[in-house]
Amino acid sequence: MAVRPPFRADIVGSYLRPDYLHQARRDYASGSISKEQLTQVEDKAIRELVEKQKSAGLHVVTDGEFRRSFWHIDFLENLNGIEGYVPQSGYNQTFHGKAAPSYNIRVVDQLSFNDDHPFLGHFTFLQNLIGDDESYVAKATIPSPTMIVRQEILANDGSSRVHDIYPSIDDFYQDLARVYREVIQAFYAVGCRYLQFDDTNWAFLGDADKQRELDQKGINAGEIAWKCSDIINNALQGKPDDMVITTHICRGNHASSWLFSGGYESVAKPLFACHYDGFFLEYDNDRSGDFSPLRHWTNKESQVVLGLITSKFPQLEDTAEIKARIEEATQYVPLDNLCLSPQCGFASTEEGNKLTEEEQWNKIRLVCDIAPQVW
């Protein structure tokens, strides 16, 4: 395995929820069980998940995002100044093949962070499950600050008050970065040394159809991409040296459906200008483009994690083909700076992708089987 994360065999973060957890969430929604009872069920499911990750051969473990409904909203709506709401019109998270539940976030006041954010306690529970065993690293996954930019500036359905709250949009961007600096320090304080920013914003900006839509609004996708890079780098200022922060670039993942198409070329320069320790990149099909944008990767201290194993469908990839694709990527990034993972999580929303739990673990085991053959 790599000296520190990202590992040669790594994961994005979310897993299929067991049936009994789905039932518990339905029971809680109907009022049949209390919040405390739901938490007990979640705790049980996470304990089992951690052991399954270890048994599969991973050295990184997550809580599977089992306490969330959405990969991003549950975190964002617990930041001060942001609320969740049901959109009445406009942006409704319509995926290709499956519509996600109509629920989103909006800025309603100046942004701030407080140390009672529930995700800190979620991570502490996960960290306690591995204790002092240095064979494993607990990974926390949260949405990137640029997801707020996307919702408030790029995909605004008309309900945003961000321009009223922040007459200077640069003040909004500065506040975003400041809040995330505090987020990073808060996770570090509870023992987190591996943090991931999940981000669909880059895929949004790289999609040709979305670029045309933005242009019609008078928004230049290229300029916004560089602004997002600035926000992220501002957020990463002061990151502890022994803390690894990576990003996962996602094209949408709900019930095996997707949102965006297009390669990385149009966003590669600002993306790789971000001071991340690792870049989890989706490369499981033609919709992701080729490896040539990797020529813009410049941070030789960072890792590029190739998401070559799809999490959307159960069919197992051919080992020889995956190894050949890794070799192809070495035209642009040295093998020592490459890792392997599924292209995304298995359940970015609680519904989960269209495969069984056993098929999910077959995918994970495939990643863990291929990695030692390559590195």
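Helix 7 crosses helix 10 in a right-handed manner. This crossing belongs to a predicted model, and the description below should be read with that in mind.

Helix 7, which covers residues 169-189, packs against helix 10, which covers residues 221-236, at an angle of about 40°, and the axes of the two helices are 7 Å apart. Because of that angle, helix 7 is oblique to helix 10. Which residues of the two helices meet? On the side of helix 7 they are D170, Y173, Q174, L176, A177, Y180, R181 and I184, while helix 10 brings I224, K227, I231, N234, A235 and L236 to the contact. Sorted by class, the residues in this contact of helix 7 with helix 10 are 9 nonpolar, 2 polar and 3 charged.

The model also holds spaces between its atoms. The table sets out their volumes and the number of residues in each lining.

| Space | Volume | Lining |
|---|---|---|
| Largest pocket | about 370 Å³ | 17 residues |
| Second largest cavity | about 130 Å³ | 16 residues |

In the largest pocket, the lining residues that lie nearest the centre are R25, K35, L38, R67 and S69. Helix 1, helix 2 (35-56) and helix 4 each give at least two residues to the lining of this pocket, and the largest share, 5 residues, comes from helix 1. The lining of the largest pocket has 5 nonpolar, 5 polar and 7 charged residues.

For the second largest cavity, the lining residues nearest the centre are D63, R68, H122, A140 and T141. Helix 4 (118-130) and strand 5 (140-143) each supply at least two residues of this lining, with helix 4 providing the largest share, 4 residues. When the lining of the second largest cavity is divided by class, there are 6 nonpolar, 5 polar and 5 charged residues.

Two details of the backbone remain. P5 and P6 are joined by a cis peptide bond, for which omega is about -5°, and P6 is found in the segment before helix 1 (19-30). E65 is not a glycine, and yet E65 has a positive phi of about 60°; this residue is found in the loop between strand 1 (60-61) and helix 3 (73-76).

Methods
Residues are numbered from 1 along each chain as its sequence is written. This is a predicted model: local features need pLDDT of at least 70, side-chain atom pairs count only at pLDDT 80 or more; totals for chains, interfaces and linings use all residues. Side-chain values use heavy atoms; hydrogens and water are left out. Axes are lines fitted to C-alpha atoms, for helices over the stretch in contact, and angles run from 0 to 180 degrees between N-to-C directions. Angles under 35 degrees count as roughly parallel, over 145 as roughly antiparallel, 65 to 115 as roughly perpendicular and the rest as oblique. A crossing is left-handed if the near helix is turned anticlockwise from the far one by less than a right angle, and right-handed if clockwise. Contact means heavy atoms within 4.5 Å. Ala, Val, Leu, Ile, Met, Phe, Trp, Tyr, Cys and Pro count as nonpolar, Asp, Glu, Lys and Arg as charged, and the others, Gly among them, as polar. On a 1 Å grid over the protein atoms alone, a cavity is a set of points where a 1.4 Å probe fits but cannot get out, and a pocket is an open set with protein on both sides within 12 Å along at least five of seven lines; lining residues have an atom within 4 Å of a point. Grid points are joined across faces, edges and corners, and a volume is the space filled by probe spheres set on the points.
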